[in-house]
Each structure stands twice: as C-alpha cells, then as structure tokens.
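Q: I'm new to this one. Can you walk me through it?

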Amino acid sequence: MGDKLSWRPGTQIYPLPAVIVTCGDKPENWNMLTIAWTGTICSDPAMCYISVRPERASYPLIVENMEYTINLTTESMAFATDWVGVKSGRDVNKWAKTGLTPLPGEKVKSPSLKESPVCIECRVKEILRLGTHDMFISEVLNVRVDESLMDENGKFLLEKARLIAYSHGHYYSLGEEIGRFGFSVKKK
C-alpha cells in the first residue's frame with residue numbers, strides 16, 4: 001500500500017452484507033427493501049440493526065409494527081436485490097415483479113423470503129434518529145436457515161449459499177475462505 005489521501009468524512013466501511021428487509025403485518029401490506037447499512041451489535045442477547053431513510057415506503061411499516069426480517073441474499077438473488085432497492089413499493093408490487101416468495105414469519109408478522117438462505121426475525125427495541133437514516137436497534141427473535149445447507153451431522157454450511165456483499169455501489173460474490181477465527185494463533 002502507498003501513501004494515504006484524506007477524503008471528507010463518509011461511509012467507507014465496506015464491504016457490507018446486501019440484505020433484503022421484509023416488513024408489514026399482513027400479506028396485503030408486506031413490503032421489502034434492500035439495505036446495506038446493517039450489522040450485528042451484540043451477541044447475548046442477540047441484537048442487530050438496520051438503518052433506513054424515513055422517506056422509504058417501508059419505513060412507516062417498520063415503525064408501526066416495530067418488527068422486520070433481515071434476509072441474506074445470494075448470487076442468484078442479485079438482480080432482485082438491486083431491483084428491490086431502486087424501486088418503491090409505493091409504485092410497484094415488488095413481489096410480483098421479482099418473483100420472490102414471501103413465507104409467513106414464525107415469531108414476527110413480517111414475512112421471510114423463501115429464496116434466502118438465512119432469515120433473521122427482529123423486534124425493534126429502539127429507534128435512533130441520526131440524520132439521513134434512522135437506526136433500528138433490534139433484538140433477534142428467531143433465525144430461519146435453509147435446511148439444504150445443513151450437512152448430515154447438523155453443521156450449517158453457509159459458505160455453500162453463495163452470499164453477496166455490497167461495496168461502494170457494487171455487488172460482489174464472496175470469495176474463498178482464507179482462514180477461520182483463531183487461525184493466526186493456532187498451534188502448529
């Protein structure tokens with residue numbers, strides 16, 4: 001690496017997961033939006049966040065119901081992931097246009113996506129009004145995983161899902177494993 005250039009303050013923490021957040025409390029108002037401002041904030045209790053612009057069509061659904069589902073996305077979902085992020089649920093039926101399949105939630109009223117390998121059902125604990133986005137700090141109530149990614153010993157093989165990430169306006173496939181937690185200190 002070479003010398004560093006200084007830029008104005010900005011959001012340069014990349015890559016991030018490209019997720020589709022589903023929301024709404026009944027099939028007639030279920031909606032979805034693409035989010036990259038998301039992540040884990042606590043292990044125990046399991047907590048995460050999403051940040052949403054208040055002008056998004058899904059924003060009032062999340063505020064009214066105080067729950068949503070984070071759906072991880074895959075290479076085969078890349079086109080739908082982008083499309084859901086650039087179109088508004090006020091103007092189009094995203095379910096009909098993308099062909100994505102809603103599954104009723106187990107612990108929340110918002111749906112999960114059948115096509116997603118991991119669906120994380122969340123209940124909002126706090127909303128932080130920050131500026132362009134409001135952060136929804138949430139407790140994880142349930143995690144649903146695609147059974148096709150389980151091996152015969154019950155181990156979850158998430159690497160087989162072919163997840164995608166978002167980095168500075170672009171979507172990328174996740175690459176090869178280069179190590180696992182603790183490999184730098186593992187005894188030879």
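What follows is a short chat about strands, helices and side-chain pairs.

Q: Before we start, what kind of model is this?
A: This is a predicted model.

Q: OK, strands. How does E5 run relative to E10, parallel or antiparallel?
A: Antiparallel. Six bridges join strand E5, residues 47-52, to E10.

Q: Which residue stands opposite Met47?
A: Glu139, in E10.

Q: And how many bridges hold E9 and E10?
A: The count is 11, and the pairing is antiparallel. Strand E9 covers residues 118-129. One of its residues, Glu121, has Asn142 in E10 as its bridge partner.

Q: What's in the hairpin of E9 and E10?
A: Four residues lie between the strands. In that hairpin Gly131 takes a positive phi near 150°.

Q: Let's stay in E9. What does Glu126 touch?
A: Leaving out residues up to four places away in sequence, Glu126 touches Met135, Phe136 and Ile137. Glu126 sits in strand E9. Its relative accessible area is 41%, so Glu126 is partly exposed.

Q: How about Leu141, what does that one touch?
A: Lys107, Val108, Glu121 and Arg123, again not counting residues up to four places away in sequence. Leu141 belongs to strand E10. Leu141 is partly exposed too, because its relative accessible area is 25%.

Q: And how far is Leu141 from Ser58?
A: In space, 20 Å from C-alpha to C-alpha. In sequence, they are 83 residues apart.

Q: New topic: rings. How many aromatic pairs are there?
A: Four. Take Tyr59 and Phe136: their ring centres are 5.6 Å apart and the planes stand at 65°, so this pair is edge-to-face.

Q: Where do Tyr59 and Phe136 lie?
A: Tyr59 is in helix H1, residues 59-65, and Phe136 is in strand E10, residues 134-145. The pair therefore ties together parts that are 77 residues apart in sequence.

Q: Is Phe136 buried or exposed?
A: Buried, because its relative accessible area is 0%. Tyr59 also counts as buried, at 10% relative accessibility.

Q: Which residues form an aromatic cluster?
A: Tyr14, Trp37, Tyr166 and Tyr171 form one cluster.

Q: On to charges. How many salt bridges does the structure hold?
A: Eight. In one of them, the side chains of Arg123 and Glu67 meet at 3.8 Å, N to O.

Q: What does that pair link?
A: Distant parts of the chain.

Q: Why is Glu67 called buried?
A: Because its relative accessible area is 7%, and the cut-off for buried is under 20%. Arg123 is partly exposed, at 37%.

Q: What about Arg162, which partner does it have?
A: Glu75, in a salt bridge of 3.0 Å, N to O. This pair links distant parts of the chain as well. Arg162 is in the loop between E10 and E11, Glu75 in the loop between E6 and H2, and they are 87 residues apart.

Q: And Glu106, what does it pair with?
A: Arg144, with the closest N and O atoms 3.5 Å apart. Glu106 lies in the loop between E7 and E8 and Arg144 in strand E10, so the pair ties together parts 38 residues apart in sequence.

Q: Glu106, buried or exposed?
A: Exposed, because its relative accessible area is 55%. Arg144 counts as buried, at 18% relative accessibility.

Q: Helix time. Which residues of H2 are buried?
A: Ala80, Thr81, Trp83 and Val84, in a helix that spans residues 78-86.

Q: What covers them?
A: The cover includes strands E2, E3, E11 and E12, and helix H3.

Q: You mentioned E11 and E12. What order do the strands take in their sheet?
A: E1-E11-E12, an open sheet of three strands with antiparallel pairing. The edge strands are E1 and E12, each pairing on one side only. Four bridges join E11 and E12. In E12, Tyr172 is the bridge partner of Ala165.

Q: Last one, the surface. Which residues make the nonpolar patch of about 220 Å²?
A: Val143, Val145 and Met150. Val145 is in strand E10. Val145 is partly exposed, with a relative accessible area of 39%.

Notes: Residues numbered from 1 in each chain as written. Predicted model: local features only at pLDDT ≥ 70, side-chain atom pairs only at ≥ 80, totals over all residues. Heavy atoms only, no water. Buried < 20%, exposed > 50% of the residue type's maximum accessible area, 1.4 Å probe, protein only. Helix = DSSP H or I, 4+ residues; strand = E, 2+ residues; numbered from the N terminus. Contact = heavy atoms within 4.5 Å. Phe/Tyr/Trp six-rings, centres within 6.5 Å; stacked < 30°, edge-to-face > 60°. Pairing = 2+ DSSP bridges. Patch = residues over 30% accessible without salt bridge, like charges linked within 9 Å, V, L, I, M, F, W, Y side chains within 5 Å. Areas by Shrake-Rupley, 256 points an atom, 1.4 Å probe, with all protein chains shown as cover. Salt bridge = Lys/Arg side-chain N within 4 Å of Asp/Glu carboxyl O.
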